[in-house]
Number of protein chains: 2
Amino acid sequence: MLKFEVHKREKNTMARLGLLQTSHGTIETPVFMPVGTQATVKAMTPDELKDIGAKIILSNTYHLYLRPGHELIEKAGGLHKFMSWNGSILTDSGGFQIFSLNKLRNISEDGVEFISHLDGSRHFIGPEENMRIQNALGADIIMAFDECVPYPADYDYVKNSMELTLKWAKRCKESHKRPDEQALFGIVQGGTYRDLREESARRTVDLDFPGYAIGGLSVGEEKELMYEVIEYTTPLLPFDKPRYLMGVGSPDALIEGVIRGIDMFDCVLPTRIARNGTVMTSHGKLVIRNAEYAEDFRPLDEECDCYACRNFSRAYIRHLFKAGEILAARLATIHNLYFLMKLMEKIRQAIKEDRLLEFRKEFFTKYGYVY
Amino acid sequence: MLKFEVHKREKNTMARLGLLQTSHGTIETPVFMPVGTQATVKAMTPDELKDIGAKIILSNTYHLYLRPGHELIEKAGGLHKFMSWNGSILTDSGGFQIFSLNKLRNISEDGVEFISHLDGSRHFIGPEENMRIQNALGADIIMAFDECVPYPADYDYVKNSMELTLKWAKRCKESHKRPDEQALFGIVQGGTYRDLREESARRTVDLDFPGYAIGGLSVGEEKELMYEVIEYTTPLLPFDKPRYLMGVGSPDALIEGVIRGIDMFDCVLPTRIARNGTVMTSHGKLVIRNAEYAEDFRPLDEECDCYACRNFSRAYIRHLFKAGEILAARLATIHNLYFLMKLMEKIRQAIKEDRLLEFRKEFFTKYGYVY
């Protein structure tokens, strides 16, 4: 079950405030979804995710299918129970990961044959197999199996791929066994070709899904080009359905995406850079290993009240990174996710007050963007 | 400041119940101290340590001296503040780590010259330098700088080493600058030679310290031999002072140590084996990576109510280990430390009820020891 309601449109942009309801809770949109690739948001417990305000997380079908296997997770009572997360979950289709395998896969009309990155074993997944896997995992929102084309790609390749994705979307819808419990979202493809994006949007909407994603962006193209694609795609999506921009999570892209009418985002960025020692602050990124922080006893971000910032100094966290301690990754991860959760809260507040463009300017000025 | 009071002796053994008071809190003894080598108990936050009932932790002078340096920690306001732990702390002297360097060190009457395992830089630490470092770190309990002899070692070597440790103990006491704030413990050495242990105990006690450790055990000798040494050493230590057995933390050795009159223990064992995927349970050790747990949806220990056992299955934790996830180390660490904290609680209860020998039998029968 999925309900979505837009309860406010911002005056000067395409941004909107919404409430997304699943059987695991109600989510205020626009929302950022932390990524828990292997049934865990790296370095975090479910309790900590709740503490920072996360209501919905994303998990990766490709990874879970290979390890520990969707049958095991089904036996465990589904993904929520397996990982002890009683908030909402969205699973991707695994398409992005499978198509990133490059030479290790073989596409046909039926589906994709690919070789596991873990043990070299051979696998085949088509739309029907994909739905079976996502039905077994049991997420609240599941994604149609699509081909994610790389950037750049020539027109004919993107057009043919879009046709394949549309056929697969239809087959996903037809083979989806738990439509009352799991909402299946369609995915708009079409690369950076406006006519293909528009055609993909129209024909995906014709298939009638409870939500729509924009896929195939943030794959190497310039950000300005990405924003342009979003800007001409969202108007073609139904106003009363959630819109999800896949794989995007930098602070600037979150703001720009919301301005162009996006409701949902996910990205490994905040958690991945955290483990490498880069934290987001209200004054831009900070590389904590740098020598300048060795005797800096201020928190990571003086305006932040996350657990890491309330209790530890830059000098201490730098020491933890230099010493290779697990707590380093934990504190930086908590901080970065909290930073994005707070950013989304501020964005929602700015929409409420019809001052999103002013907020963007204030945020970027401080964050260190010339805008 | 340090106060210690024995408020109950067990009827059938040398075990006792005590209260150890530092300016950072009151600790019920016998107590197990989790080890936070590099100013963090690996994989744990200070809040989590508090949650599992830890009141005192140990940190390593050798590691902190090399990185981030005791001056930095002093500037941060001391170790408690640096790591955001407001419970009690004991720092070892670093002797054990320095003498474990083998060929990288050179002992003289003055002290030890050694080469850092981190960057090959040369260092010299004698008793005076050691006190300066531990005074800067600011732990509630600090340890005299001793030579920890390997096992086996011949009589003359151990005798000479004992003499050196006694001279250094005196010099530590004389150069200790914060005796009102930090309690300096003496360390009994003497290897496994009864006359040397007895002489070391008598002459260390003559120097008059607020607490005494038994060092140089659990370094390769048979456990029965270790128990024997403890058994003839503790009666020579003052009844009204805390007794600390260094580097010991297996469940069986904790029980046997308490029976022989030990009040304090520390060991990296529970946290180290946790990160390798071995957990302690009431039915013995469990290697969670084993295939037999792949579809085992029970908690690590069905009698445990730690955070890991309340929320996650063996199958899930096994998956986390196989997938190399940080949460694996976190959950196993929480569980193992909680297991030892609960064990010490049960030991204290058994002392209270004068049934420690019965408790030992019950525990070992279940844990899988023939006893």
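This is a predicted model: local features need pLDDT of at least 70, side-chain atom pairs count only at pLDDT 80 or more; totals for chains, interfaces and linings use all residues.
**Domain in chain A**

For chain A, UniProt lists the feature "domain: tRNA-guanine(15) transglycosylase-like" at residues 14-367, in an unreviewed entry.

**Aromatic pairs**

Over all chains, the structure holds 24 aromatic pairs. One of them is formed by A:Tyr62 and A:Phe114, with 5.8 Å from centre to centre and 55° between the planes, and this pair is tilted. A:Tyr62 belongs to helix H2 (residues 61-66) of chain A and A:Phe114 to strand E8 (residues 112-115) of chain A, so the pair ties together parts that are 52 residues apart in sequence. A:Tyr62 is buried, with a relative accessible area of 3%. A:Phe114 is buried as well, at 0% relative accessibility.

In chain B, the ring centres of B:Tyr62 and B:Phe114 are 5.8 Å apart and their planes are at 55°, so this pair is tilted. The pair links distant parts of the chain, 52 residues apart: B:Tyr62 is in helix H2 (residues 61-66) of chain B, and B:Phe114 is in strand E8 (residues 112-115) of chain B. B:Tyr62 counts as buried because its relative accessible area, 4%, is under 20%. B:Phe114 is buried too, with a relative accessible area of 1%.

Chain A also holds an aromatic cluster, formed by A:Phe339, A:Phe359, A:Phe363, A:Phe364 and A:Tyr367.

**Charges over rings**

In each row of the table, the charged end of the arginine sits over the ring of the phenylalanine.

| Charged residue | Ring | Distance from ring centre |
|---|---|---|
| A:Arg16 | A:Phe239 | 5.1 Å |
| B:Arg16 | B:Phe239 | 5.2 Å |

**Helix packing in chain B**

Two packed helices are described by the angle between their axes and the distance between the axes. Helix H8 (residues 194-206) of chain B packs against helix H9 (residues 223-233) of chain B at an angle of about 40°, and their axes are 10 Å apart. That angle makes H8(B) oblique to H9(B). The crossing of H8(B) and H9(B) is right-handed.

How values were computed
Residues are numbered from 1 along each chain as its sequence is written. Chains are lettered from A and ligands numbered from 1 in the order in which they are written. Side-chain values use heavy atoms; hydrogens and water are left out. Rings of Phe, Tyr and Trp (its six-membered ring) pair if their centres lie within 6.5 Å; planes under 30 degrees apart count as stacked, over 60 as edge-to-face and the rest as tilted. Helices (H or I, at least four residues) and strands (E, at least two) are DSSP runs, numbered from the N terminus. Buried means under 20% relative accessible area, exposed over 50%, partly exposed in between (1.4 Å probe, protein chains only). A charge sits over a ring if NZ of Lys or CZ of Arg is within 6 Å of the ring centre and within 35 degrees of the ring normal. UniProt positions are given in the numbering used here, feature names are shortened, and annotations may be inferred rather than shown by experiment. Axes are lines fitted to C-alpha atoms, for helices over the stretch in contact, and angles run from 0 to 180 degrees between N-to-C directions. Angles under 35 degrees count as roughly parallel, over 145 as roughly antiparallel, 65 to 115 as roughly perpendicular and the rest as oblique. A crossing is left-handed if the near helix is turned anticlockwise from the far one by less than a right angle, and right-handed if clockwise.
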